[in-house]
Amino acid sequence: MSKFKFALFLGCNAPVRTLNYDRATRVVLSKLDVEVVDQDEFACCGYPLESADHLTAITMGARNLAVAEREGLDILAICSACSGSLMRTRSMLIEDEELRKDVNERLAKMGLEFTGKSKVRHIMRFFHEDYGMEELKKHVVRPLDGVKVAVHYGCHYLKPSEIVGGPDNPEMPHTVDELVDLTGAESVDYTERLLCCGGAILGYRERDSQLLIAKKMQSILDVEADCMEMHCAFCGVMYDGNQKAAERIADKKFKVPVLPYTQLLGLAMGLDPYEDLGFKLNRVKAKDLLAKLEEVGSES
Amino acid sequence: MPEDAIEEYPLVTDDDIDPTFVQRVSATPGGEHLLDCYACGTCSASCPVRAIDDEFNPRRIIRMALLGLKDEVLQSDFIWFCTGCYICQERCPQDVRITELMMAFRNVATEEGYPHPTVAIIADTVAKHGIIMEIGEFENEKRVKAGLPPRNVPEDVHRGILESTGLTETLKKAKPRPTKDADGGDA
């Protein structure tokens, strides 16, 4: 029996717009003997409606948490907006008895109840803190020597720090760099490494969201990284899916491959980029990077 | 002050001010710490949107709110430009909890009949499909082809929640907004 079992929380974007992330994550977790269960009833985490109505967003989040509780599982999220929102909702409901009562009256009509029993884990925090660096390293059979990676922490993986930050200082985080270095690749520093993807204003101020992507991509080009790493479905939509739009606004080609961490880790675990890790689904193709790995592989 | 500056920033008069606005925002979840702001500007100096867009300035929005400029704040487009990155919230020396405060402004704007048009689109999609997009046969075929299980969110799974909190009804009563995004936005 697997030591770890979770309810997999895909959120809204991963199942439609970042299939590569969905695919690589499932294959890698399976190889690591981490069991994940899909829940049809999981729906939007609530974050997109926080702007409209606090209580609506909290209740939506609580419903998801209550479904996980009913199944007796903790949640594993692959989108930082989802993990952040669900963690904030959970913490508010645990702290505020009046709010919990109100929300539970609404959930009761759906035959559900929130008690706080199920926890929420972001997949990177799971790798770093629960699965453990030592254990994870044992699975690296094909180190990604010579690959330079620009990590993208993303905002809701780090902040609000008192709820989601774990061991990271939001101004100087280190966990993702360590997870990337563990694959044999090198995490390279760059000016805009903590810049926001702008996903939350894609529907409100599209131009700004594209300018933010362009700024990030230019900063990655400046340090000549081979790819960008991400671990959030919405960040993936922005940097991979919308990179072309950002190129138009900047009047410049970026062509920076955007790899979910599980694709990087999967490569290091010796998995096949196309058969196993969904590289065919990447919008910005990672051919140069894969060719570089082949070269390194044939030399050794 | 040069004359063109006076034109750009017209004087605030009593008619522009609603003295109850501060209380209204402070009583909204996320707005509790509005009065703690001493206008140091750490938020604006840290803000990634401020760096690329002159129309967004968190310190200015907070000062406007503290002055009681209710209509100007609630009917604006700029309260919808915050990306929710939390940098200002982490750095604010007064713990104003600015990211949450921006959400509170949007919540009050929605209640008062001035939601951004994108809000109604998101709410409608979430009520219908449970998530912010539709997964139909086409999307599920793509998933299966990629070696993924189909994703079938039960229809209307969140509709009852949006109805029970009154959000569905509130959005039906939205008033025409005085200004529109320059770039329209992409829902």
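The legends below describe several close-up views of a predicted model of two chains, A and B.

Residues are numbered from 1 along each chain as its sequence is written, while chains are lettered from A and ligands numbered from 1 in the order in which they are written. Because the model is predicted, local features need pLDDT of at least 70 and side-chain atom pairs count only at pLDDT 80 or more, whereas totals for chains, interfaces and linings use all residues.

**View 1. Chain A as a whole.** The secondary structure of chain A consists of 13 helices and 8 strands, where helices (H or I, at least four residues) and strands (E, at least two) are DSSP runs numbered from the N terminus. Its C-alpha trace spans about 60 × 50 × 35 Å along the principal axes. The radius of gyration of chain A is 19 Å, which agrees with the value near 19 Å for a compact globule of 300 residues; this radius is taken over C-alpha atoms, and the globule rule is 2.2 Å times the number of residues to the power 0.38.

View 2. Strand β1 (residues 4-9) of chain A is joined to β2(A) by 5 bridges, and F4(A) stands opposite V34(A) in β2(A). Axes here are lines fitted to C-alpha atoms, for helices over the stretch in contact, and angles run from 0 to 180 degrees between N-to-C directions.

**View 3. The open sheet β6-β5-β7-β8 of chain A.** This open sheet of 4 strands also has parallel pairing, and its edge strands, β6 (186-187) and β8 (258-260) of chain A, each pair on one side only. Between strand β5 (residues 148-151) of chain A and β6(A) there are 2 bridges, with K148(A) opposite E186(A). Helix α12 (residues 261-268) of chain A packs on the sheet and touches β5, β7 (227-230) and β8 of chain A, its direction making about 75° with that of β8(A).

**View 4. Helices α9 and α11 of chain A.** Helix α9 (residues 206-222) of chain A packs against helix α11 (residues 243-250) of chain A at an angle of about 90°, with axes 8 Å apart. That makes α9(A) roughly perpendicular to α11(A), a term used for angles of 65 to 115 degrees. Residues in contact, meaning that their C-beta atoms, placed from the backbone, lie within 7 Å, include L211(A) and M217(A) in α9(A) and A246(A) and I249(A) in α11(A).

**View 5. Where chain B touches chain A.** The contact takes 54 residues from chain B and 48 residues from chain A. On the chain B side, α8(B) gives the largest share, 5 residues. That side divides into 28 nonpolar, 16 polar and 10 charged residues, where Ala, Val, Leu, Ile, Met, Phe, Trp, Tyr, Cys and Pro count as nonpolar, Asp, Glu, Lys and Arg as charged, and the others, Gly among them, as polar.

Notes: Angles under 35 degrees count as roughly parallel, over 145 as roughly antiparallel, 65 to 115 as roughly perpendicular and the rest as oblique. Two strands pair if DSSP finds at least two bridges between them.
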